Amino acid sequence: MREIVTIQVGEFANFVGSHFWNFQDELLGLASDPESDPIFRNHNLNMDVLYRSGETLQGVATYTPRLVSVNLKGSLGTMSSRGTLYNEGSSSRSDSSTTWFGDVDTQRSEPRKRNLFLQSLYEEEPKEGKEIEDKDIVGCLDEGVDCWTDFSKSHYHPQSLYELNGLWMDPQDFNNYGIGKDVFSEASRGEEICDRLRFFVEECDHIQGIKFLVDDSGGFSAVAADFLESMADEYTNVPVLLYSVRSPMSQMTPKKTVSHKLHDAISFSRLSSFCKLFTPIGLPSLTGSKASKFLNLGDEKPYRSSAVYAATLHASTIPFRMRPSSSDSSEVSSSMDVNTLVQLLTGRGRQNIVAILESAMPAPPLAGKQLENTLLTNLQALTPEVTEDIEDNQAVESMCILGALRSEDKEASVSEVKNAVDASYEQAITKTKPLFCSLSVSRCPLPVPLPFPSIFGNLVGRKGEILSSPVSDALYRGSLDVHSIPIAARWRSSSAILPFLENRMGNLEKLGIQWGAMGSDVVRTWGFGREELQEMRESLSKMVSELNPQFFESSDSD
Amino acid sequence: MSVRVLNPNAEVLNKSAALHMTINAAKGLQDVLKSNLGPKGTIKMLVGGSGDIKLTKDGNTLLKEMQIQNPTAIMIARTAVAQDDISGDGTTSTVIFIGELMKQSDRCIDEGMHPRVLVDGFEIAKKATLQFLENFKTPVVMGDEVDKEMLKMVARTTLRTKLYEGLADQLTDIVVNSVLCIRKPEEAIDLFMVEIMHMRHKFDVDTRLVEGLVLDHGSRHPDMKRRAENCHILTCNVSLEYEKSEINAGFFYSNAEQREAMVTAERRSVDERVKKIIELKNKVCGDNDNFVIINQKGIDPPSLDLLAREGIIALRRAKRRNMERLVLACGGEAVNSVDDLTPESLGWAGLVYEHVLGEEKYTFVEQVKNPNSCTILIKGPNDHTIAQIKDAVRDGLRSVKNTIEDECVVLGAGAFEVAARQHLINEVKKTVQGRAQLGVEAFANALLVVPKTLAENAGLDTQDVIISLTSEHDKGNVVGLNLQDGEPIDPQLAGIFDNYSVKRQLINSGPVIASQLLLVDEVIRAGRNMRKPTA
């Protein structure tokens, strides 16, 4: 078995992660429920890739994510940083101190109130009239979610949740690279975080990779960069898949300031130097994008936008845990390990490590009224600053399709999906054809767990099928109406990412390096010397030139 | 007010309001930490919003747990935490000293004094106090034979402020012995060579010193021995798991056979490495010997199988620091390639055994020869007890290290503060011209906050205590405070000693921050209300 360890650093990364683990939890629940659809019961996915088995001191078996989550102190809401499973017996959890016989001065914070959803999780016996309750739960989550634990139904290991303490900072002030720069190294925080990671890696017989999510909109990108640097030292041959995620909120400010632009450039340059594949996720606005064709998103709430990203993340990582069988089974096809994906996307001809991630949620049916290319045209890039239409015959793609429907609400078989995708690539206009495309298919759709936000529009049916006419008047449909959806995700290594790279390189040059640059004070207070910045620019321009052969010629003439 | 022109939302506090804000913040922080100080202080239990419990008597830990928002308080807190980083202790003292300096200044400023004059006085007083400290300190000779009793007294003084006496005294021996274990002549002491390991098991008094190493993981093979005697220890950093090597990273297989061939070739090279280790094992091991591998890299199941079949115990993914510690504890050297394997690179331990607690495994490497690294194994019934003992052990270790490196100590129980204060008032003040005298006086009185707070926490009358201490001092004796009865004692006889470097750092940084805060004459902040009350 090839294990994956997941790391989540920063506020929005944990929001995405929380949804992600909810999906896994739902899959686990459905797999063991004799009444669920057989498609969930034999999904042929190996959950051990992401989860570990353990036992508490009392000998109770546990099954928890291999996860290290890093966030600011106070971001866990009602959840204890030790998780929920490994609580000591009530006797030892006494309030008295055994190490000090003098006075005890107790300072008790107001206990945080659990919302309806969490109350229902911790309730011993389900009450009567459960249906109504579910409705209330969904309502209360839509009303207000403060932190990612508010809608998390997964159990976590005591080693998983790490809080950065002693920063004495409001979350909104922790907003640039400079401010996070020494956080990792100070007060032996880095050592503690690395110990957490080591705990999970030591257990792995044969780790296939590390999936690293970082909210790189603020100080956390510095924390993550330092963390990645120490990982590169320690686990040299373990490939790191880096997803940098941003909430639409963090990009709402109408005008990007100099320091924002420099942050983006420096953060990208630092983070990308420690990973095998870098995938930026986070559009400035989801509402205006194609992604909201069948979804009602709203950009203000991280609870809602993170759900879309988490679903795509889930789909894109499914090939890593398909059970490799002698012949492709009827449930899954084309399993892949992390390294293979990395080689596929970055190793052919161009050494481009920055990938675009696209998704179609819900994925359209294979056959239907609109036969013309629906799947390919429905894919919406979640990576910002990419060119829409681009002629790139060097592009490499890897697509994963989960639970595709043939038509209406009939599940398609694996071979049907393959044929349909082949056909749609054939039909596609030549310019969108990639050099190479790999396809992984799983028949198991994305289950929609109860705490999933009500983001579906009224054209989405129970199984995620796309209806021709609205089912109800309700604008928002959530987990009560939609039980699962087909979803497609696609990685692309293409020159469409050039604007993303060029913007960062240009800003670094213009605002940070040039004589009298507007941001030279900013970078100096962040502690970067001129040479360091020039090195960053070098590595950025190398990335650009991989994708744009003309770049070197034009830059030489300067 | 030109800021207002630039940014209409900016909020500006003028001179007196600014000063009051900073002084109040300093006092507020002092109030929070004051009750912690000394062996009679209270322990703080913090219960978080989610029910998490933290117990601490350590100012450093307490500050880090607090959500401080006031900018002045943050500045003081940072200084105090820096104090801990540099000298290992004295966080609480720093905070209350700065608070007291601000309080004394407040009084003077109310009487119409300019902060600048006060600051000048502080500077003079600081210099004089540092000079006085040089004369007051008690030298400790650190030759080849260290004064172990002295080290114990210093460690005990620190530990007794963090833990109850019985436990503190038990830890005193542990802490002193562990520092002496890792101490090498002519080299700075690297406290990282003392591993601090914890087990949620049994009671606090089961905490002990392990001469050797405790690792927080075990072997990952069911057939490996759980206990072995007479062990050769191989410390290495060699990958024993199959992975795609860099060479064929970009290689793509055109058919299944080719892929198989690549995989077997890779597998074979891993097996070669394992075999080389087994060869070495067969060379060095007699009938009663055992062989243990502790590897920083991974070991996959096929490799574990091969090793287990040969009766070898193998641990993977050891902490990087333990590579260093193992070599110091067991001897030999860390091996980075199987080509470097020699019998000389092996270390030795009399006993290696595994201890399992739920899903947690611990491997003890004990009975080593000439250990230069050791482990303090902390036990306790729950996490908050363990965390508290751990904090105390860290402080204890630092105090021993400081003593060895300072080659001197300072009499404790408030003796230094009382003596320094009398020196400032009786000697220094007279030499100062003009109103800066008042700054010196304020500084001198601020020093008394340490004995005062000690007395207050012990439930004694602070006025009585200070009077009896100063009068006893003026008779020419060195006096500290006996917290049992409030009477003066000789700290030398009572064995109460503080670190010289902690005191020095405290006297250095306190006035610097206080002066900076006093000279603030305008506070400008754009966009947020700063008058709201904070912790």
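This is a predicted model: local features need pLDDT of at least 70, side-chain atom pairs count only at pLDDT 80 or more; totals for chains, interfaces and linings use all residues.
**Notebook: the A/B interface**

Started with the strands: β5(A) pairs with strand β2 of chain B (residues 43–47) in the parallel sense, over 5 bridges.

Next I checked how much of each chain takes part. Chain A puts 66 residues into the contact, and chain B puts in 73 residues. I have about 5,600 Å² buried between chain A and chain B, with carbon and sulfur atoms giving 45% of that.

Then the charged pairs. The rule finds 7 salt bridges across the interface of chain A and chain B. For polar contacts across the interface of chain A and chain B I noted 14 residue pairs, both partners at pLDDT 80 or more.

Which elements give two or more residues to the side of chain A that touches chain B? My list for chain A reads β2 (51–55), β5 (104–108), α5 (189–203), α6 (220–234) and α9 (338–346). Of these, α5(A) gives the most to that side, with 7 residues.

Last entry, the make-up of the side of chain A that touches chain B: I logged 27 polar, 23 charged and 16 nonpolar residues.

How values were computed. Residues are numbered from 1 along each chain as its sequence is written. Chains are lettered from A and ligands numbered from 1 in the order in which they are written. Side-chain values use heavy atoms; hydrogens and water are left out. Contact means heavy atoms within 4.5 Å. Buried area is the accessible area (1.4 Å probe) that two parts lose on being put together, summed over both. A salt bridge is a side-chain nitrogen of Lys or Arg within 4 Å of a carboxyl oxygen of Asp or Glu. A polar contact is a pair of N or O atoms within 3.5 Å; within protein, one must be able to donate a hydrogen and the other to accept it, and residues adjacent in sequence count only if both atoms are side-chain atoms. Helices (H or I, at least four residues) and strands (E, at least two) are DSSP runs, numbered from the N terminus. Ala, Val, Leu, Ile, Met, Phe, Trp, Tyr, Cys and Pro count as nonpolar, Asp, Glu, Lys and Arg as charged, and the others, Gly among them, as polar. Two strands pair if DSSP finds at least two bridges between them.
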